[in-house]
Amino acid sequence: LMFNAKSKGSDLLPRLDALGEQMDGFRRSFEYIQDYVNIYGLKIWQEEVSRIINYNVEQECNSFLRTKVQDWQSIYQSTAIPIPKFQMVDESVNFIGRLAREIIRITDPK
């Protein structure tokens, strides 16, 4: 998720709607495949999405903590299935920070 901080309005809702449609497509794919390979696809989907969100929240919170949680210390990071860490594009560490900053920007009463 990337937002234009200089724009007057906000494109938050259209971007979240588009992201929701993509995520729903992935979820439906897991649901469809689970019947053919005899695994609990939706359980795997839920666990992995939760792990990714929690990891990114943890990494975003590091900028506010004295004692940082490194990748190798995170309970959400895995050596078997690592969560990639992307380069910073603004003052936020990842998409969680960009989303929080956009919500703060559009709800600022100034």
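Tutor: Gladly! Let's start with isoleucine 44, which is partly exposed at a relative accessible area of 35%. Keep in mind that this is a predicted model.

Student: Why is isoleucine 44 called partly exposed?

Tutor: Buried means under 20% and exposed means over 50%. Isoleucine 44 has 35%, so it is partly exposed. This residue is found in helix 2.

Student: What makes isoleucine 44 part of a nonpolar surface patch?

Tutor: Patch residues need over 30% relative accessible area, and the 35% of isoleucine 44 passes that cut-off. The patch of about 700 Å² is made by Phe30, Tyr32, Ile33, Tyr36, Val37, Ile39 and Ile44. Helix 1 gives the most to it, with 5 residues.

Student: Why are phenylalanine 30 and tryptophan 45 called an aromatic pair, and why tilted?

Tutor: Ring centres must lie within 6.5 Å, and here they are 5.4 Å apart, so the rings pair. The planes make 45 degrees; under 30 would be stacked and over 60 edge-to-face, so tilted is what remains. The pair links distant parts of the chain, with phenylalanine 30 in helix 1 (residues 12–37) and tryptophan 45 in helix 2 (residues 41–61), 15 residues apart.

Student: Are those two partners buried or exposed?

Tutor: Tryptophan 45 is buried, because its 15% is under 20%. Phenylalanine 30, at 34%, falls between the cut-offs and is partly exposed.

Student: Now the charges. What makes aspartate 24 and arginine 27 a salt bridge?

Tutor: The cut-off from side-chain nitrogen to carboxyl oxygen is 4 Å. Here N to O is 2.8 Å, so the contact qualifies. The two residues are 3 apart in helix 1, about one helical turn. Aspartate 24 also forms a salt bridge with arginine 28, at 3.0 Å, and that pair is 4 residues apart in helix 1.

Student: Which residues are linked in a network of salt bridges?

Tutor: Asp24, Arg27, Arg28 and Glu31 are linked in that way. In the structure, the count comes to 7 salt bridges.

Student: Why does the pair of arginine 101 and glutamate 91 count as a salt bridge?

Tutor: The closest N and O atoms are 4.0 Å apart, and the rule asks for within 4 Å, so the pair is counted. Arginine 101 lies in helix 3 and glutamate 91 in the loop between helix 2 and helix 3, so the pair ties together parts 10 residues apart in sequence. Glutamate 91 is exposed, because 53% is over 50%, whereas arginine 101, at 34%, is partly exposed.

Student: And what lines the largest pocket?

Tutor: The largest pocket has a volume of about 640 Å³ and is lined by 22 residues. Nearest its centre lie Ile52, Ile53, Asn56, Phe86 and Phe95. Helix 2 supplies the largest share of the lining, 8 residues.

How values were computed: Residues numbered from 1 in each chain as written. Predicted model: local features only at pLDDT ≥ 70, side-chain atom pairs only at ≥ 80, totals over all residues. Heavy atoms only, no water. Phe/Tyr/Trp six-rings, centres within 6.5 Å; stacked < 30°, edge-to-face > 60°. Buried < 20%, exposed > 50% of the residue type's maximum accessible area, 1.4 Å probe, protein only. Patch = residues over 30% accessible without salt bridge, like charges linked within 9 Å, V, L, I, M, F, W, Y side chains within 5 Å. Areas by Shrake-Rupley, 256 points an atom, 1.4 Å probe, with all protein chains shown as cover. 1 Å grid on protein atoms, 1.4 Å probe; cavity = no way out; pocket = protein on both sides within 12 Å on 5 of 7 lines; lining within 4 Å. Points joined across faces, edges and corners; volume = space filled by probe spheres on them.
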